[in-house]
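Keep the coordinates open while you read.

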Amino acid sequence: MSLRIGVVGAGGFGQALAIASARNGQDVLLWSRKERDLPDRIRSSTDIGSMRDRELIFVAVPSQHAVSVTEQLGEVVDGRHLMVHISRGLIGDDLQTLTKVIREKTVCRRIGVLAGPLVADALAEGRPSGAILGTGFPELTTMVREAIGGSDLRIYDTKDVVGVELASATVGFLTVILGYAQAMGAEPGTLAVVATRGMVEMARVGQTLGADESTFMGLAGLGDLIAAVAGDERPELRLGRALARGSKLQAAIGEVGAYVEGFEVARHLLEHARRSGLETPISSTFVAVSDGRMTPNDAIQALMERRVGTE
Amino acid sequence: MLKRFLSERPLRLPHIKPYVPRPSDPSIFWFNSEREDIVAEVVSRICADHESDGNRLEIALNDAAFHEIRRLEKQRDEEARERLGYWRSMIRRIGKMDEAEQRRVLHTIVTTMTHDVAGNFDPRVYRFARHAVPRLIGGVMEPSRLTKDLMGSSPEALGRVLKVQGDLEHLRYLQDKGSLVFVPTHSSNLDSIVLAQALEISGLPPVIYGAGKNLFTNPIISFFMHNLGAYRVDRRIRVSLYKDVLKLYSQVMIERGYHSLFFPGGTRSRSGMIERHLKLGLLGSAVEAFTTNQVRRIARPVWIVPTTINYALVLEAETLIRDWLTEEGQARYIIEDDEFSRIDRWIAFFRKVVGMRGACIIRFGSPIDPFGNAVDGSGQSVTPTGRVIDPGGYVEHRGKAVVDDARDAAYTRELGEVLAARYEQDSVLMSTQVVAHVLFRNLVQATPGLDLFARLRLRGEIRLPCDALCDELGETCDRLREIKNRGRVRTSDVVDEDAPRELLDRALSFWNGYHDSIAASLEGDHVVIGDPSLLLYYQNRLVPWAEEIARPDQLLAACEIQKLGVHR
């Protein structure tokens, strides 16, 4: 018997999830605010109530809409539903993860987050790829594998839900830094140091928020970052390059033409790090450069003059 | 020898004719007639679970023999002399046994363990206890009123000291509709006694609960424990089968509608902080009881009642904080030589609190279902916006209720997080805790760069002007009230109503004369910090809000205090 899958959000990733589910023979219903033309096997609806009879719901809306959409879902779902989100953002000054928001706004408990180097095109076209699912519920892992997994998509799982969400949010910001460094002519070795040490400092911050450090070094963190730099042309990479060309932050975001939340997340994480007494030299220095408080040369000098420690 | 006799051979009153429960009696009155059936069900379910896999069966027997031999070899007592031979002989034979013999041995071990755990309930002892215990405690508090109290309806002294808060009407309604599971914070061995009294005066039902076997060594407490439905928990036994028995016994009792109580903190909070990392074993039994009833199509809801027990003065404060501060405390799970075991400390404690209104506040929080959802007045689970939902949906897989241990373990972890948050919201901050916090914050602020242990050695060295301290105390209470108004914590009436100077005097009066050391004292127009460890213990209750209730110039000290809670 096919699974009744719901997808909330008709952006690139939402459609890819719907297509992958339909390809696996599932009964797919996609919700969006506006009517959409979709492949034959996918039904669509503009009524959020249509999610009521779904078993597994993918929430694929940008973080800035996540709270309002989740509130609407809260009027529809109950304890029978299983829910997975794909958000890379954190919400509010207190760095709320979307699973926490879903838990507060709905009565759904079997919740997970899908992250890692999976990109919409590869998922929709069935090209070989991999992802990580963070959830405490093994039955959710089984259902997601049945819904979209298969010989072309390996879905690993971990119980460290908050780790996956924080690592995933961190990748966006580190990708901007790497885009900037690339455009400034940094060599591969330099990029590797920035990527690795940047991830380590963010992992330390993540630990104070309940995450497991190793999650940052897996598919949700470094794995995703490698994919970003290896060339899947994410908006964050383009944003970094625009900044390196001398554009101001708001102007650079405008040039990219996509919603990039990495900076907002980074500012909140860095404030949290400061209050916890943690050092985050790479991230803090880059924010100072992008805010115009430091020149690129001063930034490099400041980072290189730091005392070197044990890894 | 006597200790072992008391803990293993329950003293029971003779029965002339068996008591036949009336329909209006609480569910626990049916316990004795169901006892053997409950034991048999626990044994049968554990054996069935292990017998389905021969490998698992052999591992369970080896684990039991290994851990029991190790324990008994260390104990070197009479029990060791009796039982060590059995286990040594068994561990040699396990490998040679065929599966049928292994099953027989498993059945024997599990039956013995379950009988050892299962309690007894005697309605006569219950009626005596509910009449006499509060009066005796009242008598200790005010000896001059003992005769009057024994004859009267209820002891006045106890009523003044113990306050009960919460939506009691709601809980009284629910008690006949399903199983209530009370899950209190745990500060003192007095907790079960005051909680039983709080249930009694609130018109709530008696509950079954697990009591450490060490408590059964006191003959009087042992008699009451044995006959009031308490089941025995021997924390020395590390055998996984024994843990299965304990958990399943609790589960079967909840499944059958017995109201239960357990302390998710596992042991008394040594630091005085509100528990955050909860032990999930028994909590899981509530979730699994709900699942099992759903699978069997038994419509008996399970509701969890987060409960906070708040003392202005803690009987064992000195021992507990000393234990927390020493490495010994990390391993010393069972303390047998603290204030709870000394009758003179009990008398001193009750005499001290009698003059203090509201010295202990029990707050029964709003009940929740096993998945953390609120429950409305009629017992239905509701969403944050008030929509009624069926909690049975949580244990369904593709439309059918199923047992899934991994899923229920995940629900239990989430329930533990909900409870930890509810403990903070429902904690009632007491005068001694607030005053201790302000004093301790001053100590931290006056000693920048010192670590915790260096600060705790500063006895009699920090002197604070009384007027400035009272101003600060007033500001701190104002900030606490703001947090209270946002529903994030509660404060006692005394903290709300008394002037700062009255609060200070009250706290000093509570501590001094009961605790062996002087927490703080008045010298002219200054307050002198005497024992920072005691202040640390009482102030630790406020750790989650330390930064929010500090003035900007106290923020660094508050940050240091808040960091104490990182590993709580």
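In which helix of chain B is the place of Q251(B)? Q251(B) sits in helix α12, which covers residues 240–255 of chain B. Bear in mind that this is a predicted model. Is Q251(B) buried or exposed? The relative accessibility of Q251(B) is 5%, so the residue counts as buried. The cut-off for buried is under 20% relative accessible area. What surrounds Q251(B), leaving aside its neighbours within four places in sequence? The contacts are R45(B), S285(B), E288(B), A289(B) and T292(B).

R270(B) lies in the loop between β5 (260–261) and α13 (281–295) of chain B. With a relative accessible area of 10%, R270(B) is buried. Its side chain makes a polar contact with the side chain of T267(B), at 3.1 Å.

R297(B) is placed in the loop between α13 and β6 (302–311) of chain B. R297(B) has a relative accessible area of 78%, so this residue is exposed. Look at its backbone too. Phi of R297(B) is near 60 degrees, a positive value in a residue other than glycine.

R398(B) also has a positive phi, near 50 degrees, and is again a residue other than glycine. R398(B) is found in the loop between β11 and β12 (400–401) of chain B. Its relative accessibility is 29%, and R398(B) therefore counts as partly exposed.

Now move to helix α23 of chain B, residues 532–539. How many of its eight residues are buried? Eight of the eight are, and the helix is mostly covered. The buried residues are P532(B), S533(B), L534(B), L535(B), L536(B), Y537(B), Y538(B) and Q539(B). What do they pack against? Their partners in chain B include the helices α14 (317–325), α18 (431–446) and α19 (452–456). Helices α22 (500–511) and α24 (555–563) are also among them, as is strand β17 (526–529). At the N-terminal end, D531(B) caps α23(B). A side-chain oxygen of D531(B) lies 2.9 Å from the backbone nitrogen of S533(B).

Turn to the aromatic rings. A pair of aromatic rings is described by the distance of the centres and the angle of the planes. Over all chains, the structure holds 16 aromatic pairs. Take F173(A) and F286(A) as one of them. Their ring centres are 6.1 Å apart and their planes stand at 65 degrees, so the pair is edge-to-face. Planes over 60 degrees apart count as edge-to-face. F173(A) belongs to helix α6 (residues 161–183) of chain A and F286(A) to helix α13 (residues 281–290) of chain A, so the pair ties together parts 113 residues apart in sequence. F173(A) and F286(A) are both buried.

Y537(B) and Y538(B) make another pair. Their ring centres are 5.3 Å apart with planes at 90 degrees, so this pair is edge-to-face. Y537(B) counts as buried because its relative accessibility is 4%. Y538(B) has a relative accessible area of 2% and is therefore buried. Which residues form one aromatic cluster? F137(A), F290(B), F371(B), Y394(B) and Y411(B) do.

That leaves the interface. The size of an interface is often given as the accessible area lost when the parts come together. Between chain B and chain A, about 2,000 Å² is buried, and carbon and sulfur atoms give 46% of this area. In chain B, R387(B), R398(B) and E414(B) lose the most area to chain A, together 31% of what that side buries. The contact takes 24 residues from chain B and 24 residues from chain A.

How many salt bridges are counted between chain B and chain A? The count is two. R103(A) forms a salt bridge with E414(B), and the closest N and O atoms are 2.8 Å apart. On the side of chain B that touches chain A, β11 (396–397) and α17 (405–426) each supply at least two residues. α17(B) gives the most to that side, with seven residues. By class, that side of chain B has ten nonpolar, six polar and eight charged residues.

Notes:
Residues are numbered from 1 along each chain as its sequence is written. Chains are lettered from A and ligands numbered from 1 in the order in which they are written. This is a predicted model: local features need pLDDT of at least 70, side-chain atom pairs count only at pLDDT 80 or more; totals for chains, interfaces and linings use all residues. Side-chain values use heavy atoms; hydrogens and water are left out. Contact means heavy atoms within 4.5 Å. Buried area is the accessible area (1.4 Å probe) that two parts lose on being put together, summed over both. A salt bridge is a side-chain nitrogen of Lys or Arg within 4 Å of a carboxyl oxygen of Asp or Glu. Helices (H or I, at least four residues) and strands (E, at least two) are DSSP runs, numbered from the N terminus. Ala, Val, Leu, Ile, Met, Phe, Trp, Tyr, Cys and Pro count as nonpolar, Asp, Glu, Lys and Arg as charged, and the others, Gly among them, as polar. Rings of Phe, Tyr and Trp (its six-membered ring) pair if their centres lie within 6.5 Å; planes under 30 degrees apart count as stacked, over 60 as edge-to-face and the rest as tilted. Buried means under 20% relative accessible area, exposed over 50%, partly exposed in between (1.4 Å probe, protein chains only). A polar contact is a pair of N or O atoms within 3.5 Å; within protein, one must be able to donate a hydrogen and the other to accept it, and residues adjacent in sequence count only if both atoms are side-chain atoms.
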